[in-house]
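Welcome! Please take a moment with the sequence and the structure shown here, and then read on for a short tour.

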Amino acid sequence: MASPTDRKYSTDHEWVLVDGDVATIGITKYAADQLGSIVFVELPEEGESFGSEDAYGEVESVKSVSELLLPVGGEVVAINQALEDAPETVNDDPYGEGWLVRVRLDNKGDLDELIDGAAYDASLA
């Protein structure tokens, strides 16, 4: 399955979809599949700020607990509250309803460090 081409990707298997100065962030289908059934997602509070590559939460699956690394720096302006009751949404729809956080970008230059969908898919091969 090809990764959506409307967003950027980190080599840590997270995606970034930018709308103005706000980035929606989630994990890729590949990451969700590798984790297995996700049973809990720990996300930060709105208003918290993080730098690029900072840990901002965790995803717990039946297999393991994985740290979430923010691919771009900024202030958290929204978290996906629905994941509290339905963490499996990350597995079911990682590029849609399974998004994790929305961040107001500190530096759009952080996006230059990310890769496009084709390059991300090639990195998995």
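Lys-29 counts as partly exposed because its relative accessibility is 28%, which lies between the 20% limit for buried and the 50% limit for exposed. This is a predicted model, so the values in this tour are computed from predicted atoms.

Which residue does Lys-29 pair with in a salt bridge? The partner is Asp-33, and the closest N and O atoms are 3.1 Å apart. Both residues belong to helix α1, which covers residues 29-35. Lys-29 and Asp-33 are 4 residues apart, about one turn of the helix. Asp-33 is partly exposed too, because its relative accessible area is 43%.

## The other salt bridges

How many salt bridges does a search of the whole structure find? It finds 3. Side chains of opposite charge can pair when their charged atoms come close.

Another of these salt bridges joins Asp-21 and Arg-104, at 3.7 Å from N to O. This pair links distant parts of the chain: Asp-21 sits in the loop between β2 and β3, Arg-104 sits in strand β9, and 83 residues separate them. Asp-21 is partly exposed because its relative accessibility is 37%, and Arg-104 is partly exposed at 37% as well.

Arg-7 and Asp-6 also form a salt bridge, with 2.8 Å between the closest N and O atoms. Is Arg-7 buried or exposed? Arg-7 counts as buried, because its relative accessibility is 9%. Asp-6, at 48%, counts as partly exposed.

## Strands side by side

Which strands pair with β9? Strand β3 (residues 22-27) runs antiparallel to β9, joined by 4 bridges, and here Val-22 stands opposite Arg-104. Strand β8 (residues 74-79) also pairs with β9 in the antiparallel sense, over 5 bridges. In that pairing, Ile-79 stands opposite Val-101.

Elsewhere, strand β6 (residues 55-61) and strand β7 (residues 65-69) run antiparallel and are joined by 5 bridges. A hairpin of 3 residues leads from β6 to β7. Across this pairing, Glu-58 stands opposite Glu-67.

## Patches on the surface

Now for the surface. Which residues gather in a patch of negative charge? They are Asp-12, Glu-53, Asp-54, Asp-112 and Glu-113. Asp-12 lies in the loop between β1 (8-9) and β2 (14-19), and Asp-12 counts as partly exposed because its relative accessibility is 34%.

A nonpolar patch is formed on the surface by Val-39, Phe-40 and Val-62, which together have about 280 Å² of accessible area. Val-39 belongs to strand β4. Val-39 is partly exposed, because its relative accessible area is 43%.

Our last stop is Glu-45, in the loop between β4 (38-42) and β5 (49-50). Is Glu-45 buried or exposed? Glu-45 counts as exposed, because its relative accessibility of 56% is over the 50% limit. How far apart are Glu-45 and Gly-117 in space, and how far in sequence? From C-alpha to C-alpha they are 29 Å apart, and in sequence they are 72 residues apart.

Methods: Residues are numbered from 1 along each chain as its sequence is written. This is a predicted model: local features need pLDDT of at least 70, side-chain atom pairs count only at pLDDT 80 or more; totals for chains, interfaces and linings use all residues. Side-chain values use heavy atoms; hydrogens and water are left out. Patches are made of residues with over 30% relative accessible area and no salt bridge: like charges are joined within 9 Å, nonpolar side chains (Val, Leu, Ile, Met, Phe, Trp, Tyr) within 5 Å. Accessible areas come from the Shrake-Rupley method with a 1.4 Å probe; for residues, only the protein chains shown count as cover. A salt bridge is a side-chain nitrogen of Lys or Arg within 4 Å of a carboxyl oxygen of Asp or Glu. Lys and Arg count as positive and Asp and Glu as negative; His and the chain ends are not counted. The place of a charge is taken as NZ of Lys, CZ of Arg, CG of Asp or CD of Glu. Helices (H or I, at least four residues) and strands (E, at least two) are DSSP runs, numbered from the N terminus. Buried means under 20% relative accessible area, exposed over 50%, partly exposed in between (1.4 Å probe, protein chains only). Two strands pair if DSSP finds at least two bridges between them.
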